[in-house]
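Grab a pencil and open the viewer.

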Amino acid sequence: MKLTSDQKERYAKHIMMKSMGEDGQKLLLESRVLCVGSGGLGSPVIQYLAAAGIGTLGIIDDDVVEMSNLQRQVIHAGNLGRSKVESAKEYVESLNPDVTVLAYDLRLSPDNVEELIVDYDVVVDCSDNFATRYLLNDVCVLQNKPLFHGSIFMFEGQVMTILPHEGPCYRCIFSSSPSTDAARSAGVMGILPGVIGTMQATEVVKYISRLGKSLVGRMIYYDALGMRFDEIKVNKNPKCPVCGENPKITSIDAENY
């Protein structure tokens with residue numbers, strides 16, 4: 001593809017960096033990214049990936065905008081009661097006309113996940129529950145699809161990049177899901193998802209434009225109250241139920257989630 005004069009002006013700060021240049025920007029404009037969730041984490045991920053010029057941005061969410069969302073879900077202002085994916089689509093289209101938005105107003109499930117992610121280059125996990133988190137991890141491992149994980153809890157967050165067959169997956173660290181989603185009822189500092197989501201978006205842009213070192217085999221833990229970042233090294237677990245030497249999960253089965 002050839003950049004238009006408008007695109008050269010819009011992405012000038014990317015293009016002037018020798019490590020990115022026009023070639024890197026073209027990779028972004030040709031890429032297809034699926035964002036699962038358009039809430040707290042999804043808002044900054046969608047915002048910055050759209051601004052960066054991701055060519056096709058898929059957004060999955062089955063929720064509607066509520067007043068309590070607006071403390072942290074910054075792309076939904078003025079859209080109370082509307083579908084979050086339609087609100088997010090409207091936001092992206094007003095921000096960057098280069099981006100094609102595909103809105104999926106539905107809940108991700110074992111019945112639809114494989115079909116939904118197959119046409120995307122990478123997947124960003126901005127979900128707010130363990131069932132979806134494990135489902136995304138497993139299907140991305142099985143389809144060899146890069147997955148960019150982020151999660152938040154009160155004043156804490158974590159970020160990790162999962163490149164199947166190159167490093168550990170989410171189940172290498174947490175082999176099975178907790179029985180309850182305590183985080184969903186614990187509250188969260190409104191600014192926290194902005195920090196974590198922006199880091200996820202950074203990892204996506206780096207991966208697509210082939211820059212820097214990714215968070216494969218490393219998890220970044222962020223403590224907002226202590227204003228501290230810690231790096232936790234993670235190795236592949238040979239007993240991992242999905243990517244280990246003798247995996248138990250070899251297909252997407254609803255009973256696993």
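This is a predicted model: local features need pLDDT of at least 70, side-chain atom pairs count only at pLDDT 80 or more; totals for chains, interfaces and linings use all residues.

**Exercise 1.** Work out what end-to-end span helix α5 (residues 84-95) should have, and compare it with the model.

*Solution.* 
- Start with the count: α5 has 12 residues.
- The expected span is 1.5 Å times one less than the number of residues, which for α5 gives 16 Å.
- Now check the model: the end C-alpha atoms of α5 are 16 Å apart, so expectation and model agree.

**Exercise 2.** Find which residues of α5 are buried, and say how they are arranged around the helix axis.

*Solution.* 
- The buried ones are Lys84, Val85, Ser87, Ala88 and Val92.
- As for what sits over the buried residues, the cover includes α4 (42-52), β2 (56-60) and β3 (100-104).
- While you're at the start of α5, look at Ser83: one of its side-chain oxygens comes within 3.4 Å of the backbone nitrogen of Val85.

**Exercise 3.** How many disulfides does the structure hold? Check Cys35 and Cys243 along the way.

*Solution.* 
- The cut-off you need is a sulfur-sulfur distance within 2.5 Å.
- For Cys35, the nearest cysteine sulfur belongs to Cys126 and is 3.7 Å away, and Cys35 is in no disulfide.
- For Cys243, the closest cysteine sulfur is in Cys172 at 3.4 Å, which is too far for a bond.
- The tally for the structure is zero disulfides.
- Burial is worth a look too: Cys35 has 0% relative accessibility and so counts as buried, and Cys243 is buried at 18%.

**Exercise 4.** Describe how the rings of Tyr134, Tyr170 and Phe174 are put together.

*Solution.* 
- The model has four aromatic pairs.
- One of them is Tyr134 with Tyr170, edge-to-face, with 5.2 Å centre to centre and 75° between the planes.
- Tyr134 is in helix α7 (residues 130-142) and Tyr170 in helix α8 (residues 170-173), so this pair ties together parts 36 residues apart in sequence.
- Next, Tyr170 also pairs with Phe174: this one is tilted, at 5.2 Å centre to centre and 50° between the planes.
- Put together, Tyr134, Tyr170 and Phe174 make one aromatic cluster.
- Both tyrosines, Tyr134 and Tyr170, are buried, while Phe174 is partly exposed at 33% relative accessible area.

Technical notes:
Residues are numbered from 1 along each chain as its sequence is written. Side-chain values use heavy atoms; hydrogens and water are left out. Helices (H or I, at least four residues) and strands (E, at least two) are DSSP runs, numbered from the N terminus. Buried means under 20% relative accessible area, exposed over 50%, partly exposed in between (1.4 Å probe, protein chains only). The arc is that of the directions from the helix axis to the C-beta atoms. Contact means heavy atoms within 4.5 Å. A polar contact is a pair of N or O atoms within 3.5 Å; within protein, one must be able to donate a hydrogen and the other to accept it, and residues adjacent in sequence count only if both atoms are side-chain atoms. Rings of Phe, Tyr and Trp (its six-membered ring) pair if their centres lie within 6.5 Å; planes under 30 degrees apart count as stacked, over 60 as edge-to-face and the rest as tilted.
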